[in-house]
Amino acid sequence: MDGEKLLKLLISFLIVFQVLGFVFKNDFLYTGSELILSVSVIVLYFIVTKRVKTYHVIVLLVLFIGKLITFFNVESIIKFQIATHILVYILLFYFLYYNHKSFVYNRRDVFTLLLGSLLYTVIFFLAYLTLKGPMGNVHLLGFLHLLLLYILLVVGAMHYINIRSEKSLWYFLSMLNFTFSDYMLLIDTFYLQSYELQLLILICEPLAMVFLVNYMVTKSLKLKSEEFEGF
């Protein structure tokens, strides 16, 4: 078994240990797993990539810093978390620009995008209107946070449906998990504190980072073929 497979196996175990530490209220297991997990994802990038890119490293470091903040007793820590996530998502727009190709859709593609976008738009507005009051003076940051996620996920889906490559799939899955994680974080913090939401965040957030690393190291290939062109 090579280093990449071993590290991915370790990351899988760390996610499980992190969840177990949270469930059984074992602070040592929970905190240790969470910290090692964040470091392991960054190490995974350096092991797998054939060419280290400064921009990729910056994105991963900002994510790591955002995770480190949660280990300190900082007043209004949610503001720092939201600000860090906003910075990361602004940086991720570069990937959308970098991977852009002319959009060529058939009727099934258009129907899928319209249906998915409509559903997500409803969720976006319902979530913001519900959270706006409880968020208080951070509601503008919260709105920007949700808006960036909205754009990144929708455009990420557009790219995946248009390209249908492994690389575009990893990006879409990463943004999907970031969206789940951040929506649950805001709901848990400002609206309804929930043990189940906190548990799901522990699963979705590291998966989002792993998928993002997979995106970074995967070659860009366009796989959409004629079999998809008919409806």
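Grid points are joined across faces, edges and corners, and a volume is the space filled by probe spheres set on the points. With this rule, two cavities of 30 Å³ or more are counted. The model is predicted, so to speak of local features requires a pLDDT of at least 70, side-chain atom pairs count only at pLDDT 80 or more, and totals for chains, interfaces and linings use all residues. Residues are numbered from 1 along each chain as its sequence is written, and side-chain values use heavy atoms, with hydrogens and water left out.

Thirteen residues line the largest cavity, and Asn 99, His 159, Ile 163, Ser 168 and Tyr 215 lie nearest its centre; a lining residue has an atom within 4 Å of a point. Two or more lining residues come from each of α4 (77-98), α6 (139-163) and α7 (166-190), the helices being DSSP runs (H or I, at least four residues) numbered from the N terminus. The second largest cavity is lined by Gln 18, Glu 34, Leu 37, Ser 38, Val 41, Lys 67, Leu 202, Glu 205, Pro 206 and Met 209, and the elements giving two or more residues to this lining are α2 (27-48) and α8 (195-217).

Pockets are open sets of points with protein on both sides within 12 Å along at least five of seven lines. The largest pocket is lined by 26 residues, of which Tyr 30, Glu 34, Thr 70, Gln 81 and Leu 185 lie nearest its centre. Its lining draws two or more residues from each of α2, α3 (54-69), α4, α7 and α8, and α7 gives the most, with six residues. Around the second largest pocket there are 19 lining residues, with Gly 116, Tyr 120, Leu 153, Phe 172 and Leu 176 nearest the centre. Here α5 (107-135), α6 and α7 each supply at least two residues, and α5 gives the most, with seven.

The table sets out volumes and lining classes, in which Ala, Val, Leu, Ile, Met, Phe, Trp, Tyr, Cys and Pro count as nonpolar, Asp, Glu, Lys and Arg as charged, and the others, Gly among them, as polar.

| Space | Volume | Lining residues by class |
|---|---|---|
| Second largest cavity | about 80 Å³ | five nonpolar, two polar, three charged |
| Largest pocket | about 690 Å³ | twelve nonpolar, nine polar, five charged |
| Second largest pocket | about 440 Å³ | 14 nonpolar, four polar, one charged |

The helices α2 and α8 pack at an angle of about 10°, with their axes 9 Å apart; axes are lines fitted to C-alpha atoms over the stretch in contact, and angles run from 0 to 180 degrees between N-to-C directions. The two helices α2 and α8 are therefore roughly parallel to each other, a term used for angles under 35 degrees. Their contact (heavy atoms within 4.5 Å) involves Tyr 30, Leu 37, Val 41, Leu 44, Tyr 45 and Val 48 of α2, together with Leu 202, Pro 206, Met 209, Val 210, Val 213, Met 216 and Val 217 of α8. By class, this contact has 13 nonpolar, no polar and no charged residues.

The protein chain averages a pLDDT of 90, and 94% of the residues score at least 70, pLDDT being the predictor's confidence in each residue, from 0 to 100. Over residues 225-231, pLDDT stays under 50, and the model has eight contacts beyond four places in sequence for this stretch. Where pLDDT is low, the predicted coordinates should not be read in detail.

Key:
1 Å grid on protein atoms, 1.4 Å probe; cavity = no way out; pocket = protein on both sides within 12 Å on 5 of 7 lines; lining within 4 Å. Parallel < 35°, antiparallel > 145°, perpendicular 65-115°, else oblique.
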